[in-house]
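Try each task first, then compare your steps with the solution.

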Amino acid sequence: MVVGIITGTGVMSVFGDSVNVAGYARSSDGADGDEGHFLECARERVLETPFGVVRLFEGLIGGRGVVVVPRHGPGHNVPPHRVPYRALVWVLRKVGVTRAFGVSAVGAVNGAMKPGDLVVADQLVDFTKCRGYTFYEGSPVVHVDMTYPYCPQMRSALIEAASGISLRDRRIYVRGSYFATEGPRYETRDEIRVFRLLGADMVGMTGSPEAVLCREAGICYSLLAVVTNPAAGLSGALLDHKDVTRRVHGASSVIKELLREAVSRVPAGDDSCVCPAPLYRRTFDEYILNSEC
Ligand code: HPA
């Protein structure tokens with residue numbers, strides 16, 4: 001079994017450096033200084049999919065196969081609404097991934113969550129508007145269950161990993177409702193007020209359709225959210241993407257350590273999960289992954 005990691009804003013420059021792939025500059029603006037390699041024996045590959053070309057990094061963590069795909073492209077030049085989510089998930093399955101973690105920057109709607117904190121999401125509310133939401137555009141018609149959008153075993157791997165490392169001065173929340181917005185703009189003050197009334201803990205631009213597509217592809221998936229800012233209107237400041245990336249870089253060594261620990265806690269079996277993802281894998285493989293058309 002191979003573990004996938006889908007990385008987001010600010011994270012890939014750090015991973016890129018640590019997998020030692022040419023073409024990446026190490027960030028110099030606040031990373032908290034872990035020079036270790038994230039992946040052992042890493043190599044870069046470019047694969048074509050029916051949904052576009054994907055660049056990925058394959059390697060090992062503690063002897064276990066791991067594949068890292070940067071959501072926004074290696075140079076962070078793909079905005080959240082143009083991310084080829086289907087290509088990323090398709091490619092993960094193609095290289096044998098059955099379990100995956102996503103890492104995403106979020107704005108905090110819940111006032112207890114502070115920049116630098118981490119959240120293991122447990123719910124998802126989708127306010128995105130125009131993305132590729134499904135692999136199943138025709139026959140067969142497939143309706144996946146999304147009652148609980150994140151795999152409990154993959155959530156536990158993150159939560160247990162966090163208790164095994166030093167988080168420095170940050171907290172980890174083991175629950176949180178992720179509200180996905182279309183972007184690339186940030187939200188208005190009143191959108192955040194509405195989201196708060198609806199029960200949002202955090203807001204981000206990439207959580208959907210990633211979780212849905214992983215489920216369709218039969219991949220057990222959980223999301224590690226990195227709080228980068230109070231959401232719009234919740235502090236005196238306006239939002240600036242530079243602050244978001246700076247926050248993620250600042251958390252980079254903790255994120256890497258946590259993910260390495262989490263990978264080692266991922267259950268070995270592919271099918272022994274209480275989440276419904278494995279139920280959908282065979283249909284995906286037959287009709288989407290290995291389909292001739
Ligand atoms: N809104 C949406 N996406 C985000 C934010 C935010 O405030 N911060 C980081 N990603």
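Buried residues make up 46% of the 293 residues in the chain; a residue is buried if 20 or more other C-beta atoms, placed from the backbone, lie within 10 Å of its own, exposed if 12 or fewer, and partly exposed in between. This is a predicted model, in which local features need pLDDT of at least 70 and side-chain atom pairs count only at pLDDT 80 or more, while totals for chains, interfaces and linings use all residues. Residues are numbered from 1 along each chain as its sequence is written.

**Exercise 1. Find which residues surround the ligand, and which element gives the most to this shell.**

Step 1. Assign them to elements, where helices (H or I, at least four residues) and strands (E, at least two) are DSSP runs numbered from the N terminus. Two or more residues come from each of strand S5 (97–108), strand S10 (202–204) and strand S11 (220–230). S5 gives the most, with three residues.

Step 2. Sort the shell by class: Ala, Val, Leu, Ile, Met, Phe, Trp, Tyr, Cys and Pro count as nonpolar, Asp, Glu, Lys and Arg as charged, and the others, Gly among them, as polar. The shell has eight nonpolar, five polar and one charged residues.

**Exercise 2. Describe how helices H2 and H5 pack.**

Step 1. Take the geometry from the axes, which are lines fitted to C-alpha atoms over the stretch in contact, with angles running from 0 to 180 degrees between N-to-C directions. H2 (residues 85–94) and H5 (residues 207–216) pack at an angle of about 35°, and their axes are 9 Å apart.

Step 2. List the contacts, that is, pairs whose C-beta atoms, placed from the backbone, lie within 7 Å. From H2, Tyr-85, Arg-86 and Val-89 meet Pro-209, Glu-210, Leu-213 and Cys-214 of H5. By class, this contact has five nonpolar, no polar and two charged residues.

Step 3. Check how covered H2 is: nine of its ten residues are buried, among them Trp-90 and Arg-93. After H2 comes Gly-96, with a positive phi near 95°.

**Exercise 3. Is Asp-243 buried, exposed or partly exposed, and which residues does it contact?**

Step 1. Locate Asp-243 in helix H6 (residues 241–250).

Step 2. Count its neighbours: Asp-243 is partly exposed because it has 14 C-beta neighbours inside 10 Å.

Step 3. Leaving aside neighbours within four places in sequence, Asp-243 is in contact with Thr-228 and Asn-229. Thr-228 is 15 residues away in sequence, yet the C-alpha atoms of the pair are 7.4 Å apart.

Technical notes
Contact = placed C-beta atoms within 7 Å.
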